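Please open the model in your viewer and keep the selection panel at hand.

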Protein chains: 2
Amino acid sequence: MAVGLQLPAPLLPIDGLRLGVAAAGIRYRSRNDLLVIEAASGTRGAAVFTKNAFCAAPVQLARRHLGIAAPRFLLVNAGNANAGTGAAGLAAAQETCRLLAERGGCAVDAVLPFSTGVIGEPLPVDRFADGIESALADLRKDAWLDAAHTIMTTDTLPKGGSRQIEIDGHTVTLTGIAKGAGMIRPDMATLLVFIGTDAGLPEALLGKVLHAAMAESFNSITVDGDTSTNDACTLLATGASGIEIVDADSPGYAAFAAALADLCQQLAQAVIRDGEGATKFVTVDVVGARSKDEARQVGFTVAHSPLVKTALFASDPNWGRILAAVGRSGIPDLDAARVDLDINGVRIATAGGRDPAYTEARGQAALAESDIVIRIDLSRGDASARIWTNDLSHEYVRINADYRS
Amino acid sequence: MAVGLQLPAPLLPIDGLRLGVAAAGIRYRSRNDLLVIEAASGTRGAAVFTKNAFCAAPVQLARRHLGIAAPRFLLVNAGNANAGTGAAGLAAAQETCRLLAERGGCAVDAVLPFSTGVIGEPLPVDRFADGIESALADLRKDAWLDAAHTIMTTDTLPKGGSRQIEIDGHTVTLTGIAKGAGMIRPDMATLLVFIGTDAGLPEALLGKVLHAAMAESFNSITVDGDTSTNDACTLLATGASGIEIVDADSPGYAAFAAALADLCQQLAQAVIRDGEGATKFVTVDVVGARSKDEARQVGFTVAHSPLVKTALFASDPNWGRILAAVGRSGIPDLDAARVDLDINGVRIATAGGRDPAYTEARGQAALAESDIVIRIDLSRGDASARIWTNDLSHEYVRINADYRS
């Protein structure tokens with residue numbers, strides 16, 4: 001049911017990165033579920049992880065390893081999240097890293113583990129050895145699309161994208177893949193993103209540019225508000241292009257940051273378009289706010305409202321629900337009588353009430369589209385924010401109420 | 001689909017209060033939709049109103065009137081919320097108060113208006129004059145159940161209750177009615193509560209005792225997190241029992257406060273049991289928290305999680321979703337490894353992971369009940385909180401995606 005989402009355009013290889021996939025039988029049959037990404041020596045990495053206090057064992061371990069060594073391998077499995085598994089889960093994740101480090105010829109700390117899938121079940125470590133062998137034997141530079149397929153759980157389409165920019169006459173390439181949509185389904189968790197570039201950046205700068213790119217992409221989307229236990233976004237910079245961006249004042253930093261942010265935004269939107277049961281792709285634009293935080297608070301309140309989301313599913317211009325969500329968003333001293341509302345360019349409410357020129361027919365026409373822009377003007381400042389979400393459909397309940405087996 | 005909810009036991013009359021109902025044709029045909037409550041001279045009132053910045057015209061006016069004069073009449077209509085209607089809505093609410101004040105022989109400020117129903121449509125003021133005449137002609141002491149029926153919108157059952165306590169050898173009676181469940185349906189708004197007592201209390205004390213009763217009742221429930229534009233809970237104290245409770249140290253205050261809190265809790269639970277599409281009545285108990293606020297934050301995060309709610313609908317012991325919601329609730333320094341989880345007395349997770357003795361069969365048996373208690377022990381303090389909610393069903397989406405007409 002992905003809304004306006006297609007197979008990604010060809011994903012460009014990144015010098016210094018090779019990818020291999022395998023069918024390890026971790027949960028699924030007859031499909032690839034294990035991905036190994038090999039990074040050339042000298043590659044630097046940065047990552048952002050879920051803020052969920054119940055973060056999964058691989059998240060704990062990847063965070064720790066990243067603080068110790070430069071990454072040489074990423075090890076990703078689909079079908080089992082290795083979350084809610086306690087000390088045994090941590091030991092299992094460590095063992096999978098050890099298996100890959102042994103075969104890959106690197107320190108255990110140079111392996112970053114990632115898992116996505118069912119929560120609370122033991123990771124079947126015994127299936128990793130053969131899977132890792134196969135994936136290592138399969139390593140190729142041009143396997144990004146295969147990798148995007150491999151990490152899918154209930155995604156209906158693989159998600160990926162590439163960007164190229166020129167810096168000092170050199171071409172710098174970025175390629176990224178993502179999987180997920182909220183917490184996806186009964187016990188699947190969730191959002192994983194892997195981005196590679198042949199630019200070179202020191203770790204601190206890599207972390208900075210990645211965090212900056214999150215703000216307007218993965219930190220601005222929501223399906224159901226349920227932050228997963230396994231979310232992770234990792235950026236690997238091989239430096240193979242010969243371009244080294246040493247600090248934020250370097251020529252090329254701004255262009256690189258913009259290309260990364262743009263790529264992240266594309267991937268984040270792809271996640272929303274492929275969200276559970278989605279029939280609408282919804283942009284919530286909040287303008288006229290006193291601060292960015294305030295604008296985001298209003299945008300997320302609207303984007304999380306089950307009543308707004310069910311009305312969107314019904315293509316019902318039920319604007320009272322949107323204003324009610326704005327009204328309960330908790331920003332201080334909101335003057336409801338100054339709020340304007342537009343949907344897909346149709347003025348719905350002016351000064352907190354129905355616009356004199358509004359007709360139900362115009363509202364229905366606007367809501368009939370599959371891409372919806374809700375624009376809320378608070379008329380009290382210059383700050384704005386943009387949040388992406390989707391609707392709440394019968395299919396969402398069906399997917400999430402389906403029993404796990 | 002109300003979960004374990006029945007018609008209320010006989011509702012006891014309150015000396016000093018009379019109720020009359022009428023079919024004014026405000027939106028519905030062939031049913032009562034207008035309620036007048038007449039309070040004897042000397043009655044004092046207190047109310048709590050929605051915190052939604054987009055509060056409806058009647059909420060604005062009732063709040064203002066209550067600050068000016070002691071209430072003599074409450075005027076309630078179902079079918080139209082008079083919300084999102086701007087200055088015209090305020091004028092309409094004022095006109096309905098004027099109509100009742102004229103016929104009832106009191107100051108306009110002594111009339112408190114309440115509306116519930118569709119948002120954003122003009123209130124049909126022309127239908128109020130005849131309706132008010134009929135309701136005034138119908139005034140009776142024993143019409144509480146009729147009143148509870150009259151204010152229903154998509155409630156499937158009327159909600160009410162009575163309590164009697166002895167103070168200084170006198171019997172003091174409290175009777176209350178409520179309607180609503182979250183934002184109820186496409187454009188219905190929402191929770192209205194009217195409670196009467198023949199005890200006498202000064203306004204300030206009345207406000208204090210009502211606020212105290214809210215904490216563990218209406219402020220501890222959620223269907224969808226969508227605070228309505230029209231919520232109001234009003235308490236009228238006629239003093240007709242001869243008992244005057246002058247301050248919080250008076251004999252009887254504690255008993256009165258306890259009876260009121262108990263009544264409010266019954267009414268709040270009735271709202272949840274009759275919630276949109278509800279198939280489960282869910283109590284979320286959070287214990288071992290550092291503070292009450294922290295416990296409530298965790299409880300509401302769990303109660304609002306669409307993934308938890310769809311799992312409850314499916315009777316699926318998908319405990320990873322509950323822990324994931326606890327983990328994202330935003331309380332500082334949560335140690336996931338100290339969290340225990342029980343459902344209906346079955347130990348699910350110990351120390352943040354699946355309990356060794358837990359089996360899927362035991363979890364399924366616990367979840368098969370229609371009344372579910374989720375107990376979360378954070379093991380970091382002595383504070384606790386209890387939140388009531390229901391599940392997220394196909395019926396919820398159907399109700400809320402149904403077009404308004």
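Axes here are lines fitted to C-alpha atoms, for helices over the stretch in contact, and angles run from 0 to 180 degrees between N-to-C directions. Helices are DSSP runs (H or I, at least four residues) numbered from the N terminus. The model is predicted: local features need pLDDT of at least 70, side-chain atom pairs count only at pLDDT 80 or more, and totals for chains, interfaces and linings use all residues. Residues are numbered from 1 along each chain as its sequence is written, chains are lettered from A in the order in which they are written, and side-chain values use heavy atoms, with hydrogens and water left out.

Select residues 203–215 and 253–273 of chain B, which are helix 5 and helix 6. Their axes lie 8 Å apart, at an angle of about 45°. On the helix 5 side, the contact (heavy atoms within 4.5 Å) includes B:Leu205, B:Lys208 and B:Met214; on helix 6, B:Tyr253, B:Phe256 and B:Cys264 are among the partners. By class, the contact of helix 5 with helix 6 in chain B has 11 nonpolar residues, no polar and one charged.

Next, select helix 2 (residues 86–104) and helix 3 (residues 128–137) of chain B, whose axes come within 10 Å and cross at roughly 40°. This angle makes helix 2 of chain B oblique to helix 3 of chain B. Display B:Leu99 and B:Arg103 of helix 2 with B:Ile132 and B:Glu133 of helix 3, which are among the contact residues.

Notes:
Helices (H or I, at least four residues) and strands (E, at least two) are DSSP runs, numbered from the N terminus. Angles under 35 degrees count as roughly parallel, over 145 as roughly antiparallel, 65 to 115 as roughly perpendicular and the rest as oblique. Ala, Val, Leu, Ile, Met, Phe, Trp, Tyr, Cys and Pro count as nonpolar, Asp, Glu, Lys and Arg as charged, and the others, Gly among them, as polar.
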